Amino acid sequence: MTFMTKGGKSCRQWSNRPEIRSQPRLLLVGDKPTDLAALTRTLSGLDIETMTATDGHEALRHVSSQTFAMLLLGGDRQDRDDFEMARRFKELQSTRDLPIVLITDAPRDARRRHLDSPTGGIDWIEKPIDENELLGKMRVYLQLFRQKVEIIQLRQDLNVRTKAHRETEERLQASEERFRGLVEHFPGMIYRCRMDRTMLFISDMIETMTGYPASDFIDNRIRSYASIIHADDVEHVEEVILFGVDKKEPFEIEYRIVDAKGKIRWVYEKGQRVTYDNGQPDWLDGAIFDNSARRMAEEEHAKFQRAVEQSPVSVVMTDPEGNIQYVNPWFCRITGYSFEEAVGKNPRFLKSGQTDPELHQKLWQTITSGKVWQGELLNRKKDGTFYWELASISPVYTDPKGPVTHFIGVKEDITARKEVEKALQDARKKAEEASRAKSEFLATMSHEIRTPMNAIIGMADQLAEMELEPRGQRYLEVIRRNGENLLIIINDILDFSKIEAGRMPLEEKPFDLKQLLVNLMEECQYRAQKKGLTLTWVMDEEIVMARKGDPHRLWQVLENLLGNALKFTHTGEICLTIQGVSTPNDQVRFSLSDTGIGIAKDKLEAVFSAFTQADSSITREYGGTGLGLAVCKRLAEKMGGGIAVESELGTGSTFHLTIPLQIVSPDSRREFDLVADTRLGAQELTRKRPPSPLPSLQILLAEDVEDNIFLIQSFLEGTPHQLEVVRNGRLALEEVKTRNFDLVLMDIRMPVMDGLEASRKIRQWEKGAGRPRLAIWALTAHAHEGEAKQSREAGCDLHLVKPLRKKVLMERLAGFITTAEATIQPSTTREVKIDLPDEIADVENIIDPRRWECLKRDMGVNVPRLVGRFISRLPNRLAAIAEAVHEGNADSLDNECHKLKGAAATLGAGNLVSLCMRMNAFISTGDMRSVQENQELLIAECQRTVSVLEQKLADERK
């Protein structure tokens, strides 16, 4: 800090103030030497050293380098200069606390203002100077200075003493902390006790070791240390300690104590006596360590050693080079070699010579790389016989970071197990052969039964189109009903066989639970009405409809339960209740109640057994094999659920089906094509229908059974289709190569060349000859697992299971014709064109009149339901297409367009089919921009299609 003196010179404030002297020093400041000399003489009688300064600069230099008791300002200068100098001294750190006395003749009010200022003086003396007043005031200020010096010196002395005391305390505290840390971290309990073992000090470790606090043992306050020594060891401990005291030598002993929980611990104690200068013992110092872990380790080691010695497995230890250092007795027993014969040798002397050398090389590479090897070895005993062992060989490290010190192998003799495994393998092969024979038998049985059933039911359908007298119509109904029942029996037998063999696969896909139930109840409603029964269903309003599971199997179980209810109920009602169950598995409970014949309570469990019905009279009256509920129970369990029944004879039954169906996003429902669609009207009476107005198709039928040939011929009789027949696959291949056909109906099982092989060869010929793909539909009496997959892999486009119904065949042909007429051939460039105006396409082609008439003839009363299902699903299909377009997901988009195309083709919506195929063509060329451009056309055509369909339905209702 600097400031300007009166003369304009600057002065720097000094940071280090000099020490206060014991003899006071006074600074006189005045501009007249004579006045300064007079003041000096006046003050000479005081015990004080005086110094003078004639101006502010000199005064500041003095106070910056020396210590003063007070400042005396006076002279003939103007008073404001003295006041200014006093203010400057008060601003300095070194002179802020100095008394400043002004010799002044200034007015009293000016003096008062100055003294009241924070930087003013302390006191003043009026001129002319009164020497007594001056000396009196000086003596007062000097006395105050001396008292201040004494206080400062006392304070300094106190600080020195305090610092020394603090340092001493810190050293003592550090020493105490070191001692405490040593005691606390000492791995044992430290003690000092009298010769009678009364504890004077004992560390807190005693509580960790025994559970008793250290304070319990001091002066035997609560208990003595001797009281926790095991009773069997007390005498021995006293003897050892007294012997050490007498011999003036340290003592050590291992013994047992009993802790606070009654647990026995092993401890190790080492101590010695401490004596006075006269040689008399004063106390004992020592340490006690918890030795339980070491004793336990020793016992475990002993147990391990005994276990190894007595183990029923071979134990071998080798050095890092693989030379045997130890073998246990079981090794000697198994191999026939003695301990002495084995030690020092390499285990390779046990090789049988029949093990792949690469196995031994891999073994050695594995264990030398620090890993464990496990595997089976075929070795040779001393007597030359072979034996199998399951070996686990591990590297062992003494130091985790060091090298391998040895290897340990544990080997179990598995010779007997290998023999059992071989026997089991042989038995498994026989069982698999038996299962395969059973499957083949079932497949053959299915084929052999379905083949004549195809002709029986097919011809019955044909007879239903003829004008028959009432008695003939009744006979026909008996034939058809029993044929349908026989098919149900065959299906139940096949399903039961698949479940028993573990070959019943389940699907996991999203579906709309409500739509499934609607379709199921609609299908059963006709049968209920025919019997005069009331069929109702109640669904919990809060249940989530978007579910994930196997809708096909769920449909099968519910249809079977409903079928039984309809079968065994003659009057009253049938009600299906659906409820959600609050479980982690998102379960749904289906409860089906009827007012049927009921089941006796002692027969409730039997109804779920295979080939069992509640009463043999039921079989005679109602028929059936008793497999239906057995299949339902096993399907329910396979889906993770269960089925139970409540019933009372004569009043009705209630079946409870509980199935876990995962809740999914509602958007996922569009991925499910309800299985009910393929089964519409399966058990309805065929109506008499006029001949089909469909265009002509060139169809090749490859079939070796005459009845089936005659059946297909009768189905197509009265249609414009041309049918050519061959009796085996080879002839079918030759016909395809020499003539043009629109479609091949290919039976799978035929002589000379079966249908699958013929289909594969046709596809190969098409590829090699550059011919367009010919439609091939597989016909088979096999309903066995994998049959449809084999057909697709062989190149078939459709898989139809016998017995083939005329309605199904004609519907498929109609859809095939509509799709074929709308087929477009994409150009080799990225642009694909079809003949569709921007505003509207051919009105007649919105819904093909021929296809509509065909639908009415084949579907009858089910046409409104089919159309309604198409319209209800259309928004979801369009939403899925829009989402796929937005995400650029070509695979999903292609799939959705294909689904919409198929649904549209069934209804004869030719324009919509064409648009879908156009979209598929753009997708195949990667032209997503054109897909987006045609999306609005697709939506518009859907709207026109829905309008026309609704109008047609309205016209039909008039």
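**Close-up views of a predicted model**

View 1. Helix H7 (residues 234-247) has 14 residues and spans 20 Å from first C-alpha to last, close to the 20 Å expected at 1.5 Å a residue. The expected span is 1.5 Å times one less than the number of residues. Helices are DSSP runs of H or I, at least four residues, and strands are runs of E, at least two, both numbered from the N terminus. This is a predicted model: local features need pLDDT of at least 70, side-chain atom pairs count only at pLDDT 80 or more, and totals for chains, interfaces and linings use all residues. Residues are numbered from 1 along each chain as its sequence is written, and side-chain values use heavy atoms, leaving out hydrogens and water.

Val-237, Val-240, Ile-241, Gly-244 and Val-245 of H7 are buried. Buried means under 20% relative accessible area, exposed over 50%, partly exposed in between (1.4 Å probe, protein chains only). The buried residues of H7 fall within an arc of 130° seen down the axis, so they line one face of the helix. The arc is taken from the directions from helix axis to C-beta atoms. The face turned away from the buried side carries exposed Glu-235, Leu-242, Phe-243 and Asp-246. Just after H7, Lys-248 has a positive phi of about 55°.

**View 2. The largest nonpolar core.** This core has 43 residues; Leu-517, Leu-554, Phe-590 and Leu-657 have the most contacts inside it. Elements giving two or more residues include helix H14 (513-530), helix H15 (551-568) and strand E22 (587-594). H15 gives the most, with eight residues. A nonpolar core is a set of buried Ala, Val, Leu, Ile, Met, Phe, Trp, Tyr and Cys residues joined through side-chain atoms within 4.5 Å. Leu-554 touches, among others, Phe-511, Phe-590 and Leu-657, not counting residues up to four places away in sequence. Contact means heavy atoms within 4.5 Å.

View 3. Glu-933 and Arg-929 form a salt bridge, closest N and O atoms 3.7 Å apart. A salt bridge puts a side-chain nitrogen of Lys or Arg within 4 Å of a carboxyl oxygen of Asp or Glu. Both residues lie in H27 (residues 928-957), four residues apart, about one turn. Both Glu-933 and Arg-929 are exposed. Glu-941 bridges to Arg-944, with closest N and O atoms 2.5 Å apart. Glu-941 is buried, at 1% relative accessible area.

**View 4. A salt-bridge network.** Glu-376, Arg-417, Lys-418 and Glu-421 are linked by salt bridges. The whole structure holds 31 salt bridges.
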